[in-house]
Amino acid sequence: MSWHLTPAQVDEYVSSTVDDVTAMSVEAHLMHCPPCRSLVPADEAWLADSWADLRDIVDRPRVGLLERGLTAVGLRQTTAKLLTATPQLYRAWLVATVVVLGAALLIAYHLPRGSLLFAFTAPVVPLVGVAVAYGRGVDPAHTLTSVTPMAGQRLLFLRSCAVLFPALVMCTAAAVLMPSPTTLWNAGFWLLPSLTLVAGSLVLSRWMHMSAAGAAVGGLWVLAMVLFAVTDQVSVLELFAPVSQLWWAAALAALIAAIVLRVRPA
């Protein structure tokens, strides 16, 4: 070291009267200068407790109930941790989903034919979650995760599943709470269209960004709504009719087959 801290500088640093830039400079110097470091009084007991707490968090992370359950059914611990952590990365989306579905419920109870809003919204709610589940620009840790062995299609589908499950649960709960008579059909009429839209976005993600794929599929859904709405001969509810459900099921099966072929090891 070509320079050392003066006693006055040490006193100012210890008393926290220096500015942030000076504090960072002092700390960088102390890391490599044992003589100056010895001038700074330290509470050894506090340091020992702090390091012990830090090691406890880093080396022995606590396993949550859901993570333990996924591990118990056969998933590897790394996969279970990733699945349980993904929704926590998108709490804002989860809160927004609750708000949207809550608003749809209020409208359904207070406006004539208000249940239609839920019918048109529910299929795209899981799609939005999957669209923000993975990729550059929507994932703050994408640069780090993209260089890991788990990155790529495997991480994309794992995160999609982790986001899709809570979205389906919330939409199903909202469907059950709708004012119309509660039957199995009332609770699940939106499910096949929703899963088909999600599968379509996953297939499209081979050629474009996941967010763009989600926007493209969601745009097609909105376009279909508009076209049915302006056509007098066919009601927009025909998209959820039993015959249409068969077409949704066929499309979903084809898209799932395409996804399986895509992720299957060569």
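This is a predicted model: local features need pLDDT of at least 70, side-chain atom pairs count only at pLDDT 80 or more; totals for chains, interfaces and linings use all residues.
Student: Which residues touch the most other members of the largest nonpolar core?

Tutor: As a general idea, nonpolar side chains in soluble globular proteins tend to be buried together. Here the largest nonpolar core has 38 residues, and those touching the most other members are Leu101, Phe118, Trp190, Leu202, Trp221 and Leu239. At least two residues of this core come from each of the helices H7, H8, H9, H11, H13, H14 and H15, with H11 giving the largest share, eight residues.

Student: What is Phe118 in contact with, leaving aside its neighbours within four places in sequence?

Tutor: Among the contacts of Phe118 on that basis are Leu101 and Trp190, together with Cys171, Met178 and Phe189. There is also a second, separate core of nine residues, which includes Val10, Val18, Ala23 and Leu30.

Student: How many residues of H13 are buried?

Tutor: Of its 14 residues, 10 are buried, so H13 is largely enclosed by the rest of the structure; the buried ones include Pro193, Gly200 and Leu202. From first C-alpha to last, H13 reaches 20 Å, close to the 20 Å expected at 1.5 Å a residue.

Student: Which residues form a nonpolar patch on the surface?

Tutor: In general, an α-helix has 3.6 residues a turn, so residues three or four places apart point the same way. In this model the patch is formed by Leu220, Val222, Leu223, Val226, Leu227 and Val230, which together have about 560 Å² of accessible area. Leu223 lies in helix H14 and counts as partly exposed because its relative accessibility is 45%, between the limits of 20% and 50%.

How values were computed:
Residues are numbered from 1 along each chain as its sequence is written. Side-chain values use heavy atoms; hydrogens and water are left out. A nonpolar core is a set of buried Ala, Val, Leu, Ile, Met, Phe, Trp, Tyr and Cys residues joined through side-chain atoms within 4.5 Å. Buried means under 20% relative accessible area, exposed over 50%, partly exposed in between (1.4 Å probe, protein chains only). Helices (H or I, at least four residues) and strands (E, at least two) are DSSP runs, numbered from the N terminus. Contact means heavy atoms within 4.5 Å. Patches are made of residues with over 30% relative accessible area and no salt bridge: like charges are joined within 9 Å, nonpolar side chains (Val, Leu, Ile, Met, Phe, Trp, Tyr) within 5 Å. Accessible areas come from the Shrake-Rupley method with a 1.4 Å probe; for residues, only the protein chains shown count as cover. A salt bridge is a side-chain nitrogen of Lys or Arg within 4 Å of a carboxyl oxygen of Asp or Glu. The expected span of a helix is 1.5 Å times one less than its number of residues.
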